[in-house]
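Please look at the sequence and the model before reading on.

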Amino acid sequence: MQDSNSSGAELLKSLLEPLLEDFQFWFAGSRQFLESRQLSFMSEEEQNDLLLQVKQAQDELNTAKMMFNATDGQVGIDMATITPWHELVTECWNVVMRYHQEKDI
């Protein structure tokens with residue numbers, strides 16, 4: 001019989017690891033996008049603020065990944081941490097979509 005703590009840790013790792021990788025991917029892409037373009041529909045201050053939020057989220061994510069890896073996937077991440085990351089990724093997606101919509105006009 002398998003230890004329930006062991007199977008719980010495996011489940012946590014199998015769910016959380018890909019999620020963290022996804023956040024890393026989307027934050028890196030958003031950062032590159034915001035650093036390489038001047039957006040006509042955002043002020044420079046708004047764009048810089050969004051970029052700073054992405055950089056901060058990347059720092060938080062890197063810390064969370066280090067803790068996750070250091071414990072071999074034995075610790076979770078509070079939804080209070082993940083929810084703002086999800087909202088930030090969604091905001092960045094909306095900015096990219098708007099950029100492409102205005103570019104195609």
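A residue is called buried under 20% relative accessible area, exposed over 50%, and partly exposed in between. By that scale R98 is partly exposed, because its relative accessible area is 38%. The model described here is predicted.

## Helix packing

Two packed helices are described by the angle between their axes and the distance between the axes. Helix α2 covers residues 44–70 and helix α3 covers residues 79–103; the two pack at an angle of about 140°, and their axes are 11 Å apart. Angles over 145 degrees would count as roughly antiparallel, so α2 and α3 are oblique to each other. The crossing of α2 and α3 is left-handed.

F68 belongs to helix α2. With a relative accessible area of 2%, F68 is buried. Between the C-alpha atoms of F68 and E35 there are 29 Å, and the two residues are 33 apart along the chain.

## Salt bridges within helices

There are four salt bridges in the structure. One of them joins R98 and E102, with 3.0 Å between the closest N and O atoms. R98 and E102 are four residues apart in helix α3, so about one helical turn separates them. E102, at a relative accessible area of 33%, is partly exposed, and R98 is partly exposed as well, at 38%.

E35 and R31 also form a salt bridge through their side chains, at 3.2 Å from N to O. Both residues lie in helix α1, four residues apart, or about one turn of the helix. E35 counts as partly exposed at 46% relative accessibility, and R31 counts as partly exposed at 29%. A network of salt bridges links R31, E35 and K55.

Which residue forms a salt bridge with D72? The partner is K13, and the closest N and O atoms of the pair are 3.2 Å apart. K13 is partly exposed, with a relative accessible area of 28%.

## A nonpolar surface patch

F25, W26 and W93 make up a nonpolar patch on the surface, and together they have about 340 Å² of accessible area. W26 is located in helix α1, which spans residues 4–36. The relative accessible area of W26 is 35%, so W26 is partly exposed.

Conventions
Residues numbered from 1 in each chain as written. Predicted model: local features only at pLDDT ≥ 70, side-chain atom pairs only at ≥ 80, totals over all residues. Heavy atoms only, no water. Patch = residues over 30% accessible without salt bridge, like charges linked within 9 Å, V, L, I, M, F, W, Y side chains within 5 Å. Areas by Shrake-Rupley, 256 points an atom, 1.4 Å probe, with all protein chains shown as cover. Buried < 20%, exposed > 50% of the residue type's maximum accessible area, 1.4 Å probe, protein only. Axes fitted to C-alpha atoms, helices over the stretch in contact; angles between N-to-C directions. Parallel < 35°, antiparallel > 145°, perpendicular 65-115°, else oblique. Left-handed = near helix turned anticlockwise from the far one by under 90°.
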